[in-house]
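Please study the sequence and the structure before reading each solution.

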Amino acid sequence: MQDPAVNTYSVVIHPQVFSTASGQKQTLTVNRSRYTQATIGMNHSSESIDDVPSRSRGQPWEYLLRQNPGGQLVCARRGKLLVIAAGPHALLIHFGLEAHLVACSRRDYDDLVREDVPGPNEDPEKSQLLRSFVMPRRFVEPSSRNSDQPRFINIFAAFISTEKAFMIVDFSRLVRLHIISRDRPWTPSDMEPSSSEWFSLWERFKGGPDWVLERDLAEEHLMSWRKDVVSEYERYMTLHKKWESLTKTRTLDSYFIRQRFGDREHQAAVDNASIRLQHQHPPRPEPRRRLLLKDMSMNSHRAFSGLGRHCINDILHFLGFHPGITSYAVCLQDDLFDHLKLTIYWFLQRFLKTSFLKRVATKPNTNNPFSFNAESNKNYISCYIAVFRRTRVKMPKELYDRYQSLGLLDPSHTIGDEYPTEKCKPCSGETKWVPVSFCGAPLKAYTVIVAKPPTPDYIAADLSQVPKDIAEFSYSTTIGCAQFHEHVMNQPDLLKIQSLIPPKGGSLKKEKTGKRGRPQKVPTKKSMAETSKRRKVSTSGLGVTFPDEDEGELEDSEDEATVVALAADYEAQQNSALDQAVERQLQEDHAETEAASRALEDSSSSTNGSSGHPLRIPKSQETPTQRLWRIWGQRNNEEIFPVEGGGLSIESPKLPALARNRTSRPGYPPTTRKGGSLSTATTLQQRPLARRRFRPVRHET
């Protein structure tokens, strides 16, 4: 029988890492109005850090520093908020920019919180207050960058049992916590939307209805937002019409004044009359500038809970809305409003599907809770980020054709005007790659729409090319379940891989945890070189993402200064050897490719025409398809070259049986021997599509 203490959790807080912000931005607030034991005297004798009691003495959370009663671990979510409860205490988490949960064993947790040191703040006094825990060496991957340097972690609170622990970790210290204590333990029924406690749980951070759990209520809030937008529009139109009416009246008055005071001696009377009219005339109403993008990001009327910059940009993309569209343009048209309502629900319910959990929510088979989950990171970026910080996006045929029919991909077209049918270019395949543009201020959004936005229903902004795709960031945190500082810093590093692998060959040793499933893959020189070329390895050093590049917003200037200071420290410590190693690897690959190409061109020049092979053409005359086949062939030990007539020539050095098998099939050319090697010449244009043995397969991320 299992020990009941294994499933009994209690909450622990660590005030030494709390931010020094106050008011609404302070790290931890409490509601203990229903908790009578909060007035019992404190006992700090069990605390191992001397400055914890001094900083917490007299604070509202002081009663939480003792040994808290345990209970069943229960949780609930609503939008981007999460509640975790154990015993009489429920912890509401506002994740901010980079906060996340980390599950580990109780032994690992005890080792992590054993030692804390002053933080990186330049102010010595603040550095003593903003402390960090020292991360043990076993949690630092040997193959990661700067693995020989100490690393630190900020653990704000945790739910612990005798065997496990769930920690709230935040590198940027922007997390906000709220604890609700009561005499009666929290139960799973309290975490249901139908319970009497449900709405009070989320009130601290103004949490709105969840679009999946509380769809009906969320749609009611959306209707409330629409009514407010329409009412504001009607008030504006009333003021605008009144202003236009007064403008016409002023024009008539001016005419009669000129008739009466037309002589020079009465010019002073004309000026005085004009001045009186100006004072009587109200100013022109401000133009309508209520952006849908802004309303969604501000969670207006609590109708857009759970949406950040990434989700909003992608939702507008699937809607086919320009980022500069105003809320008035959407709310005044029933079809656009209904389209918005359905798309928000469709977009958010994807994150609860089994396919998403299998692709993204898995964990590596390792004993290190801070190991980087490369598979989750790749799947999230490839499948669940459309346009946000992307250089291009793969659009499904239906969506692409709709964009084409509306003229949204034509820079000479104005949105809303009728688009000529003869200009539409429908998608010929299942998907189509389209470049993504960045809209400058005041929008700061991503879109594939290049058509001109009309006024006043849209707000225009300058378009520019996205300089770097989100998948190309290596040590900078971006978006996804794996993109947190402690995990990103444990990514394998090409330079370290080269130093750890023996010169005579071999690979790193796989970690065997004894858990179910295959051991985690270990990086190799080849895999790291391919990854470096694919991502164009970023050598910026520190994984810090600021508000313009992520969903959150920096809410504390002190924390922002701390992050910037820490980023500068890490940047100064970066080793340029990584850049040199990557550049050296790229140069070697380029040299090998050029040497092989020259050798093959020399050999082809001596054989072309004499053996009946089609004449090869130079690389400068290749079509994009021919170039793709040639590059793919080099990666798969197949020498594929373009030939005259639009075809391709294959020379395969593979097994003779493979080449002989080709001669037994109709439509394949004969196989000849040259210098002991096999050479098969063929034109792919002559083959049926289903019979092509070699096809380039491109896995786009």
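**Exercise 1.** How many aromatic pairs does a search of the whole structure find?

*Solution.* The model is predicted: local features need pLDDT of at least 70, side-chain atom pairs count only at pLDDT 80 or more, and totals for chains, interfaces and linings use all residues. Residues are numbered from 1 along each chain as its sequence is written, and side-chain values use heavy atoms, with hydrogens and water left out. Rings of Phe, Tyr and Trp (its six-membered ring) pair if their centres lie within 6.5 Å; planes under 30 degrees apart are stacked, over 60 edge-to-face, and the rest tilted. The search finds 18 aromatic pairs.

**Exercise 2.** Classify the pair of F18 and W61.

*Solution.* Step 1: the ring centres are 5.4 Å apart and the planes stand at 80 degrees, so the pair is edge-to-face. Step 2: F18 lies in the loop between β1 and β2, and W61 in the loop between α1 and β3, so the pair ties together parts 43 residues apart in sequence. (Helices, H or I of at least four residues, and strands, E of at least two, are DSSP runs numbered from the N terminus.) Step 3: buried means under 20% relative accessible area, exposed over 50%, partly exposed in between (1.4 Å probe, protein chains only). F18, at 1% relative accessibility, counts as buried, and W61, at 6%, also counts as buried.

**Exercise 3.** Describe the open sheet that four strands form.

*Solution.* Step 1: two strands pair if DSSP finds at least two bridges between them. Step 2: the order is β1-β10-β11-β6, with antiparallel pairing. Step 3: β1 and β6 stand at the edges with a single partner strand each, so one side of each has no neighbour in the sheet.
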